[in-house]
Every structure is written in structure tokens, then in C-alpha cells.
Amino acid sequence: MREEKVLRTCKIVRKITVIIGLAVTILPILFWNYIPDKIPAHYGVSGKVDRVGGKEELILLFFVLWLVLGSHSVVSYYLKTSGVSKYANEKDNEHLQTIYPMITWITFIVVCIFAYMIIISILERNLGVFFLPITLITTFTPIVVYIGKARKHSAGNPSEKAKFVQAESREEGIAYRTAVDWWLALLFILVIGGELWIFFQSLLNKGKVEWITLVAVILILLLVVPLVRIKYILYSEHFLISAGYLGKQRIAYSSIVNIKETHNPLSAPACSLDRMEIDYVVSGIHKFALISPVHLKMFKKELESRCEK
């Protein structure tokens with residue numbers, strides 16, 4: 001079965017991940033006296049050392065590495081046990097085939113990145129100019145791959161989709177934008193602002209363009225802009241979740257079986273934890289969508305009235 005193949009592959013990846021984590025934690029501790037007292041403690045976007053610190057700072061890397069592994073263990077345990085349970089529904093099986101392997105691969109990549117940083121710091125070397133772009137590409141690749149797989153799972157009837165697309169070209173629709181939590185907006189501002197500050201500091205002080213930083217800013221903006229511009233548009237027979245070029249999802253009112261408010265933190269086209277969970281059925285398969293429109297209660301009331309018609 002497909003579920004068994006997913007579990008078997010993820011089990012192998014998880015074992016390799018833990019082995020790498022143990023190796024880069026235990027070996028430095030065993031040979032602690034042989035590590036230089038002063039080692040690289042921070043690197044610039046170009047991969048070069050820009051700060052030296054005591055070897056005790058390695059402990060912070062160990063802590064973060066095992067925090068990542070611990071968090072993955074908790075989340076993956078929940079997803080795995082829910083997906084293989086005899087009480088598992090279609091929703092749980094979908095998570096097992098999409099979210100669970102995505103998290104497993106991302107954890108593996110993050111642990112490899114931390115392992116590389118620990119080794120390079122101990123050896124007193126630079127990370128290399130390609131470290132940042134490779135880190136970004138390898139981290140986001142599993143996300144893109146499994147978002148594609150999730151979209152296949154959520155794909156509905158092609159003829160119904162064509163009918164909805166035609167309706168969207170004829171009707172105006174009532175649009176609600178996504179709500180954005182303050183902490184998420186602050187995170188976006190700090191990340192983008194920090195990268196821009198590094199870029200302009202280098203331009204003004206050194207008189208040169210940090211192309212890697214510029215590329216990083218562009219990639220972040222390409223991800224963030226569609227997220228904060230997510231819209232939920234109500235049409236006569238369906239509603240549309242639109243995230244620009246990141247994807248669209250259409251749900252017929254007639255397929256909706258339950259609507260409730262929630263704070264479910266699962267990855268979704270929603271920029272707030274004040275959310276609605278919409279359970280619906282497509283071709284006999286139960287699915288759900290998480291959204292976070294502004295004026296949540298007003299949207300919920302309007303959606304419920306359309307479902308009753």
C-alpha cells in the first residue's frame with residue numbers, strides 16, 4: 001500500500017536524521033578539548049566569518065538542533081498515528097501522504113544544515129558563497145513538491161471546475177481578504193527589513209552589491225506577497241480561495257457538510273490563527289480547508305446562508 005511505502009521511506013529518513021544529529025553532538029563533546037577556544041560564531045550572507053566567539057557557543061547550535069528534532073518527533077507522531085489508525089478518515093490519510101513526508105524531509109535538511117555549520121565552525125572555515133542559496137532551495141523544495149501533491153489530492157471534478165471558472169468570468173463575487181496576525185506581520189517585516197538593511201549597508205559601506213542578499217529578498221517577497229494578498233471570493237454556487245500564482249482552490253456550497261471556527265495551526269492559505277474549518281466532500285472523499293478571512297463572523301454567516309440555499 002501507498003501508506004506503507006510512505007511510512008517506510010520516512011522511517012529510513014528519520015533514522016538517518018537522528019544518526020547525523022547524534023554524531024555532530026556526541027563527537028564534538030568527546031573531543032571538546034581539541035576544539036579551538038575561539039571559533040567562527042557568525043557568518044555573513046556571503047558565507048564568510050564576520051564574528052568570532054568562544055567554543056561554548058556550539059552548545060546553542062546543539063540545543064536548536066535537538067529542539068528541531070524534538071518538535072518533529074511530536075508532530076510526526078501525531079500525524080503518523082492519526083493516519084494509520086483504524087479510525088483514520090480520508091483527511092488523516094491525506095496528511096500522512098503529504099504533510100508527514102514534507103515535515104520529515106524538511107527536518108532532515110535542517111539537521112544537515114546545522115551539522116554542516118557545526119563542522120565548519122569547528123574547522124574554522126567559511127561556509128562558502130553558495131551556502132545561503134543552497135539552503136533556501138533545499139528547504140523550500142519539499143514544500144513546493146508536497147504542495148503540488150496536496151493540490152492533486154484536493155482536485156475536484158474537471159467539468160465542475162470548468163463551470164466554476166466560467167462563473168467567475170461572468171459574476172462579480174464578494175471578496176474577503178485574509179486577516180494577518182500582528183506577530184506574523186512583524187516577522188515578515190523583520191525578515192525583509194533585516195535583509196534590506198544588510199543589502200544597503202554593504203552598498204553604502206563597501207560600494208558593492210550583495211547579489212545573494214538581493215536574491216534572498218526577492219525570493220522572500222515572492223513568497224510573502226501572495227500570502228498576505230490571499231482572497232476568499234463568494235460566487236453564486238461556490239467560493240474561491242485565491243493565493244495568486246501559489247494556487248487556487250474552489251469549493252462548491254453543495255459539498256460543504258460543516259463549518260466551524262478554529263485555531264488549528266496547520267499550514268493553510270490563511271495568515272491568522274483566527275480561522276474557519278470548512279469540511280466538504282468531493283467524489284465521496286471527505287476533505288477540509290482552513291481559511292482566515294477578515295470579518296470572520298460576517299463571512300461565516302454569509303457562507304452558511306449560501307450553503308442552506
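Val215 is found in helix H8. The model is predicted.

Visitor: Is Val215 buried, partly exposed or exposed?
Guide: Buried means under 20% relative accessible area and exposed means over 50%. The relative accessible area of Val215 is 44%. Val215 is therefore partly exposed.

Visitor: Which helix supplies the largest share of the nonpolar patch?
Guide: The patch lies on the surface and is formed by Phe140, Val144, Val215, Ile218, Leu219, Leu222, Leu223, Tyr245 and Leu246, with about 790 Å² of accessible area together. Helix H5 (131-154) and helix H8 (211-228) each supply at least two of its residues. The largest share, 5 residues, comes from H8.

Visitor: What span is expected for helix H9 at 1.5 Å a residue?
Guide: Helix H9 covers residues 296-308, which makes 13 residues. From its first C-alpha to its last it reaches 18 Å, and this is close to the expected value of 18 Å.

Visitor: Why are the buried residues of H9 on the same side?
Guide: The buried residues of H9 are Leu296, Phe299, Lys300, Leu303 and Arg306. In an α-helix there are 3.6 residues a turn, so residues three or four places apart point the same way.

Visitor: Which strands are included in what covers the buried residues of H9?
Guide: On the other side of H9, Lys297, Met298, Lys301 and Glu308 are exposed. The cover over the buried residues of H9 includes strands E3, E4, E5, E7, E8 and E9.

Note on methods: Residues numbered from 1 in each chain as written. Predicted model: local features only at pLDDT ≥ 70, side-chain atom pairs only at ≥ 80, totals over all residues. Heavy atoms only, no water. Helix = DSSP H or I, 4+ residues; strand = E, 2+ residues; numbered from the N terminus. Expected span 1.5 Å × (residues − 1). Buried < 20%, exposed > 50% of the residue type's maximum accessible area, 1.4 Å probe, protein only. Contact = heavy atoms within 4.5 Å. Patch = residues over 30% accessible without salt bridge, like charges linked within 9 Å, V, L, I, M, F, W, Y side chains within 5 Å. Areas by Shrake-Rupley, 256 points an atom, 1.4 Å probe, with all protein chains shown as cover. Salt bridge = Lys/Arg side-chain N within 4 Å of Asp/Glu carboxyl O.
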